Amino acid sequence: MTFTYRARTAGLFAMLLCSIGAQAQTKPEETEVWRPEPTRVTPATATHAPSDAVVLFDGANLNEWVSTAVPDKPATWTVANGVFTVRPGSGNIQTRRQFGDYQLHLEWRIPPDIKGTGQDRGNSGLFLASTGAGDRGYELQILDCVNNKTYVNGQAASIYKQSIPLVNACAGAGEWQTYDVIWTAPRFANDGSLASPAYVTALHNGVLVQNHVALRGETVYVGKPSYTKHGRAPIKLQDHGHLVSFRNAWVRELETAN
Ligand code: MG
């Protein structure tokens, strides 16, 4: 009897405390978080990177870029008038640094006098992670897409042969265009199996074109995509033989990188 009485009393007391607690949590201060404070970052402007970004091209040189074929050799694409341009036949170039998860900004331009059709018209590519030589990696397509028919999973802003862009936000040849990308790198288990796929969110000229898309593997020209275990990786640009130009490139690595 004594136990039951005590238990009941304890139960009532606990309910009273809960009631008081619930009332206390109705104060707005109870749900305010003050620390840690987000790091102060000076935002990007039309011509400058945010203060915490790695600038991949400052208008003067390609010091942050190397040849993909021979990574200890500098990139040899053309630098002039504050922009850099594919040197057809010289091969892909990639960043000297390697990255995990990141936010990236890149501006690109198809030459105004572009000729050709389909995939042979202003073709380059932004490889969000370069996993090896040539076109190994995950390509966000760069291509003229104004009055230029091609397969839609290979048009500009597609994840090449994996994900059609939500809309066609292309500007015309000769105009500067922007890519803003949030890249979440894939994760792999120790045995090489995929633990979590890569995710891409991308805006083309400020318009959402890829919304947290899970990739099925590396982008490939022939066959089906698949994953091969890798870690941090360079960002790569494609020499597809066309005089595509670039400027104002920067990347902010995100803390979730493994
Ligand atoms: Mg391409």
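Me: What is the order of the open sheet of five strands?
Reply: This is a predicted model, in which local features need pLDDT of at least 70, side-chain atom pairs count only at pLDDT 80 or more, and totals for chains, interfaces and linings use all residues. Residues are numbered from 1 along each chain as its sequence is written. Strands (E, at least two residues) are DSSP runs numbered from the N terminus, and two of them pair if DSSP finds at least two bridges between them. With antiparallel pairing, the order is E2-E5-E14-E7-E8.

Me: Which strands stand at the edges of this sheet?
Reply: A strand with a single partner has one side left without a neighbour in the sheet, so the edges are held by strand E2 (65–67) and strand E8 (137–142).

Me: Which residue in E5 is the bridge partner of Trp 65?
Reply: E2 and strand E5 (residues 93–95) run antiparallel and are joined by three bridges. In E5, the partner of Trp 65 is Thr 95.

Me: How many residues has the largest nonpolar core?
Reply: Such a core is a set of buried Ala, Val, Leu, Ile, Met, Phe, Trp, Tyr and Cys residues joined through C-beta atoms within 7 Å, where buried means that 20 or more other C-beta atoms, placed from the backbone, lie within 10 Å of a residue's own. E2, E7 and E8 are among the strands that each supply at least two residues of this core. Leu 140 is one of those with the most contacts inside the core, whose residues number 48.

Methods: Helices (H or I, at least four residues) and strands (E, at least two) are DSSP runs, numbered from the N terminus. A residue is buried if 20 or more other C-beta atoms lie within 10 Å of its own, exposed if 12 or fewer, and partly exposed in between; C-beta atoms are placed from the backbone.
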